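Here is a walk through one model, from its packing to its sheets. Keep the structure open as you read.

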Amino acid sequence: MEENKHVTIYDIAERLNLATSTISRALKDHHTISDKTIKKVKKTAEEMGFVPNTLAAGLRGNKTRTIGVLIPTVTQPFLSSLISGIEITAQKSDYTVIIMQSHDSYEEEVNMAKSLYSNRVSGVICSLAMETRDTAHFHQFSNNNIPLVFVDRVPKDYNTFRVVIDNYTAGYKATKHLIEQGCIRIAHLTAGSELGNLYNERKRGYIEALKDHNISVEEELIINLNSVTYEEGVKASNALFDLKPMPDGLFAPGDILAVSAVQTAKKRGIKVPEEFKVIGFNNDPISQIIDPNLSTITHPAEKMGKAAAEIIIKNLKSSKNDDAKEITFLNTEVLARESSQK
């Protein structure tokens with residue numbers, strides 16, 4: 001049996017007795033090739049099952065029409081929705097998307113960034129790993145005019161595009177909601193390094209809301225996590241419930257952490273919301289599945305993904321480099337549900 005092989009422009013050229021350069025130009029609708037020849041070449045290419053090698057073409061031109069996405073994980077609902085927004089926008093402009101996961105590891109993020117660069121991506125969208133404290137590995141993109149957009153978890157000082165929400169105001173709203181429900185001893189879980197400002201800003205909003213309502217900020221009620229996971233949330237919740245007196249409210253900066261607190265409270269016989277009120281962050285699907293339903297803060301993940309991809313594509317189409325700017329989504333809202341209601 002004859003072995004299957006990819007049809008190349010050389011095969012089409014041999015079939016039509018034309019130069020390979022003519023075939024190449026005809027497939028690109030080049031103005032130097034007649035309409036009759038273009039139609040003949042394209043018809044023959046289709047009959048022979050020719051598929052253009054976009055990667056090879058991209059490597060020759062140093063452009064692959066590919067957007068690299070570097071995120072902590074695809075398993076978080078927020079990041080899945082972010083990716084969806086990126087892909088919807090990329091596909092409309094005939095760009096493909098490569099997704100890589102750092103698993104919140106700085107070392108992995110460095111390696112993944114190198115891999116994206118070596119694959120000649122046209123642009124990069126990144127949400128920083130929890131461990132990241134240095135951003136030198138992104139200079140390879142900035143120094144070579146490859147558009148770079150940070151989303152959600154963004155570095156404090158890096159002159160490139162950012163797509164974020166107003167995390168300070170969101171943290172303030174969440175804490176104010178608990179105060180309005182009667183909480184006076186509110187705990188908070190936080191995470192990440194000083195480099196990424198997402199959790200720091202939510203924490204700052206929490207602290208300011210307490211101060212504005214004449215509630216003292218108690219360090220024992222603020223727990224710094226190694227990672228935003230269910231297991232870390234359980235450990236932190238148990239530590240909070242061991243305090244005397246224990247907190248009567250919790251602002252968790254992620255729904256998975258809030259869910260872990262609700263379930264830990266149940267196991268310890270603590271009633272939610274009667275004895276302990278909880279509000280999360282992101283409005284993940286799990287927030288409406290858990291009993292009681294979880295109060296949370298909305299987070300426009302898909303819109304943020306679309307905005308990030310639009311920035312990349314706009315910059316690739318433009319001959320001039322736009323000044324780096326930040327796009328901030330202000331429309332985060334409190335979704336009050338059973339877990340925090342009086």
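Contact here means heavy atoms within 4.5 Å. Take Leu250 with that in mind. Leaving aside neighbours within four places in sequence, Leu250 is in contact with Leu178, Ile186, Ala187, His188, Leu189, Leu240, Ala261, Phe276, Lys277, Val278 and Ile279.

This is a predicted model: local features need pLDDT of at least 70, side-chain atom pairs count only at pLDDT 80 or more, and totals for chains, interfaces and linings use all residues. Residues are numbered from 1 along each chain as its sequence is written, and side-chain values use heavy atoms, with hydrogens and water left out.

Leu250 also belongs to a core. A nonpolar core is a set of buried Ala, Val, Leu, Ile, Met, Phe, Trp, Tyr and Cys residues joined through side-chain atoms within 4.5 Å. Buried means under 20% relative accessible area, with a 1.4 Å probe and protein chains only; exposed means over 50%, and partly exposed lies in between. The largest such core has 69 residues. Those with the most contacts inside it are Ile125, Val149, Val163, Leu250 and Phe276. Helix H13 gives the largest share of this core, eight residues. A second, separate core of 17 residues includes Cys126, Leu128, Phe150 and Val164.

Now follow H13, residues 301–317. Helices (H or I, at least four residues) and strands (E, at least two) are DSSP runs, numbered from the N terminus. H13 has 17 residues and reaches 25 Å from its first C-alpha to its last. That is close to the 24 Å expected at 1.5 Å a residue, taken as 1.5 Å times one less than the number of residues. Among its buried residues are Met304, Ile311, Ile312 and Ile313. The buried residues of H13 pack against helix H5 (77–92) and strands E1 (66–71), E3 (123–126), E4 (148–151), E5 (161–165) and E11 (326–329).

Next come the strands. Two strands pair if DSSP finds at least two bridges between them. E1 and strand E2 (residues 96–101) run parallel, joined by six bridges. Val69 stands opposite Ile99 in E2.

Elsewhere, an open sheet of four strands has the order E7-E6-E8-E9, with parallel pairing. E7 (222–225) and E9 (277–279) stand at the edges with a single partner strand each, so one side of each is left without a neighbour in the sheet. E8 (residues 249–251) pairs with E9 over three bridges in the parallel sense. Gly249 stands opposite Lys277 in E9.
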